[in-house]
Amino acid sequence: MSETRATTPVFPPGRYGRRRDGRRRLAAPITFGVILTAIAVLLSVRLYQQYGDPTYDAQIVRWTGASETQITIDFTVRVPRGEAATCTLRARDYAGTEVGTRTVTVRAAAGESTIKASEVVPTTAKAFVGEVLRCRAADGPS
């Protein structure tokens with residue numbers, strides 16, 4: 001019986017380039033990942049500050065009375081006490097096409113921070129759904 005021993009191959013020096021030591025280098029991918037994560041967080045914060053205003057938070061309660069000419073949207077808006085909000089309402093048909101919009105200004109009662117509103121949105125076709133797209137601080141007295 002003969003025995004074969006496994007040996008590490010020997011390469012001529014300089015012939016095949018620099019030999020690797022077998023360890024993976026993770027510093028570059030980890031650094032890249034940390035930088036990418038930091039950029040994503042900073043972008044998220046920036047966009048939230050620009051477009052997200054939790055002070056003026058709207059919630060749909062329901063929509064009713066959908067017809068060929070209008071839909072009634074009931075919604076609530078959280079605002080600073082006694083302040084007003086300007087909200088953009090939208091009606092869409094079954095296919096998702098916008099069939100009506102309306103911008104309304106609603107005001108909270110003195111000392112209140114929640115506004116309950118019901119507004120009619122005129123439509124050009126039968127609406128299937130009503131939405132509150134956005135609420136923001138009202139520009140002036142309503």
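Accessible areas here come from the Shrake-Rupley method with a 1.4 Å probe, and for residues only the protein chains shown count as cover. On that basis the protein chain exposes about 10,800 Å², with carbon and sulfur atoms supplying 54% of it.

Two remarks on provenance. This is a predicted model, in which local features need pLDDT of at least 70 and side-chain atom pairs count only at pLDDT 80 or more, while totals for chains, interfaces and linings use all residues. Residues are numbered from 1 along each chain as its sequence is written, and side-chain values use heavy atoms, with hydrogens and water left out.

Now the overall dimensions. The radius of gyration, taken over C-alpha atoms, is 31 Å for the protein chain, whereas a compact globule of 142 residues would have one near 14 Å. That globule rule is 2.2 Å times the number of residues to the power 0.38. Along the principal axes, the C-alpha atoms fill a box of roughly 95 × 35 × 30 Å.

Of the 142 residues, 23% are buried; buried means under 20% relative accessible area, exposed over 50%, and partly exposed in between, with a 1.4 Å probe and protein chains only. A contact means heavy atoms within 4.5 Å. Among contacts between residues at least 6 apart in sequence, 62% join residues at least 24 apart.

On charge, Lys and Arg count as positive and Asp and Glu as negative, with His and the chain ends not counted. Each charge is placed at NZ of Lys, CZ of Arg, CG of Asp or CD of Glu. The chain has 20 positive and 13 negative side chains, and the centres of the two sets lie 16 Å apart.

Next, secondary structure. Helices (H or I, at least four residues) and strands (E, at least two) are DSSP runs, numbered from the N terminus. The protein chain has 1 helix and 6 strands, in the order α-β-β-β-β-β-β from the N terminus.

Which strand is mostly covered? Strand β3, residues 84–92, has 7 of its 9 residues buried. Strands pair if DSSP finds at least two bridges between them. β3 pairs in the antiparallel sense with β4, residues 98–107, over 9 bridges. Within that pairing, T88 has T103 as its bridge partner, and A91 has G100. The β3–β4 hairpin has 5 residues between the strands, and G96 takes a positive phi near 95° there. β3 also pairs in the antiparallel sense with β6, residues 129–137, over 8 bridges, with L89 opposite V132.

β2, residues 70–78, runs antiparallel to β5 and is joined to β5 by 9 bridges; T72 stands opposite V120. In a regular strand the side chains alternate between the two faces of the sheet.

Last, Q59, in strand β1, residues 57–64. Q59 counts as partly exposed because its relative accessibility is 43%. Leaving out residues up to four places away in sequence, Q59 touches F75 and T76.
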